[in-house]
Amino acid sequence: MTGDGLALLQLADRIGLNLFALLTIGFALHAASGVVERDSFRGLRPRIALTGAAVVLFTAARLGILVAQMGDGGNFLDPELMPLAWLVLGDSTLAILVGAVASIAGMWFGSRVVAGLGAAALSVGFGLTGHAQGLTAGLAPIMVAAHVLIAGFWVAAPISLYPGPTLDSARLTSRLHRFSTIAVAAIPVLIALGIWLAWILTEGGEKLLVTTYGLLLLAKLAIGVIAIGVGALNKQVITAKVAADPATGKKWLRVALLCEATLFAAAIIAVSAATTIGAPAG
């Protein structure tokens, strides 16, 4: 396979990995934090099993793509290059796989603690690889993990909070209040971490504004700010409407959650492109 073909494959893999990892983290955190009720865990099993399995698949593919890149587009499973690829991605791969399995197990057996630990391990897996490695005396990887953890909590919201036919108004209102209580504290931290990481990864100033990498990170941040506005509308207006007039409130909520899901998809594509197409030094 040519270098361009591998680059496109790597981008597709990164988008898939980021999307399904964030959803898995989000489902696990919604269970661990009580956004989703314990008696509803059974209904979430198929979702987290699907997203967790996808995480495993895309993580394995990431390793294979790196092997192929090392071999100039040759064998994805070259036994001579696999140990070298493992040196680069081994710690991250193990953390992501352990996190995916623990998240599924926590949801499957109704353990909020295990689900929460799984989400944390998955997030750590993203902090153990990428451009943040080695920056700021090891602080950047920790901040990346925290950033991913909070992002996952937010990204899964359009699914956990969606007013489907089996979710009654009282339970929906409870979920909205619980999610909003946590989000009010967590989302500003998410944006602050995103700004800090964008600044240090591009060394600030001109590189943030003129390089492909910097512009993609700025695009992700801009999308996040817009999503915050939609979230604020959910908290201040739509949640109250769901409680006062469930039929109308649910219609408004569906539109707002669809907008959020679209924004999240755009942000995931932007950050995935930044970590494959761009480079901090641009």
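**View A. Helix 9 passing helix 10.** In this predicted model, helix 9 passes helix 10 in a left-handed crossing; a crossing is left-handed if the near helix is turned anticlockwise from the far one by less than a right angle, and right-handed if clockwise. Axes here are lines fitted to C-alpha atoms, for helices over the stretch in contact, with angles running from 0 to 180 degrees between N-to-C directions. The contact of helix 9 with helix 10 is made up of 25 nonpolar, four polar and four charged residues. For that tally, Ala, Val, Leu, Ile, Met, Phe, Trp, Tyr, Cys and Pro count as nonpolar, Asp, Glu, Lys and Arg as charged, and the others, Gly among them, as polar. The helices themselves are DSSP runs (H or I, at least four residues; strands are E, at least two), numbered from the N terminus.

A word on the numbers before moving on: residues are numbered from 1 along each chain as its sequence is written. As this is a predicted model, local features need pLDDT of at least 70 and side-chain atom pairs count only at pLDDT 80 or more, while totals for chains, interfaces and linings use all residues, and side-chain values use heavy atoms, with hydrogens and water left out.

**View B. Helix 2 beside helix 3.** The axes of helix 2 and helix 3 (residues 82–108) come within 9 Å and cross at roughly 175°. That makes helix 2 roughly antiparallel to helix 3. In the contact of helix 2 with helix 3, the residues divide into 23 nonpolar, five polar and two charged.

**View C. A network of salt bridges.** Glu37, Asp39, Arg171 and Arg175 are linked in a network of salt bridges. A salt bridge here is a side-chain nitrogen of Lys or Arg within 4 Å of a carboxyl oxygen of Asp or Glu, and a search of the whole structure finds three of them. Glu37 forms a salt bridge with Arg171, with the closest N and O atoms 3.9 Å apart. Glu37 lies in the loop between helix 1 (3–33) and helix 2 (41–70) and Arg171 in helix 7 (residues 169–201), so the pair ties together parts that are 134 residues apart in sequence. The side chain of Glu37 also meets that of Arg175 in a salt bridge, at 2.9 Å from N to O. Asp39 pairs with Arg171 in a salt bridge whose closest N and O atoms are 3.1 Å apart. Here Asp39 in the loop between helix 1 and helix 2 is linked to Arg171 in helix 7, 132 residues apart.

**View D. How open are the network's residues?** Which of these side chains are buried and which exposed? Glu37 is buried, at 16% relative accessible area, and Arg175 is buried at 8%. Arg171 counts as partly exposed at 27%, and Asp39 as exposed at 57%. Buried means under 20% relative accessible area, exposed over 50%, and partly exposed in between (1.4 Å probe, protein chains only).

**View E. Aromatic pairs.** Rings of Phe, Tyr and Trp (its six-membered ring) pair if their centres lie within 6.5 Å; planes under 30 degrees apart count as stacked, over 60 as edge-to-face and the rest as tilted. By this rule the count comes to three aromatic pairs. One of them is the stacked pair of Phe20 and Phe58, 5.9 Å centre to centre with 15° between the planes. Phe20 sits in helix 1 and Phe58 in helix 2, 38 residues apart. Phe20 is partly exposed, at 22% relative accessible area. Trp154 and Phe264 form an edge-to-face pair, 5.2 Å centre to centre with 70° between the planes. Trp154 lies in helix 5 (residues 139–155) and Phe264 in helix 10, so the pair ties together parts that are 110 residues apart in sequence. Trp154 is buried at 6% relative accessibility, and Phe264 is buried at 8%.

Terms used
Angles under 35 degrees count as roughly parallel, over 145 as roughly antiparallel, 65 to 115 as roughly perpendicular and the rest as oblique.
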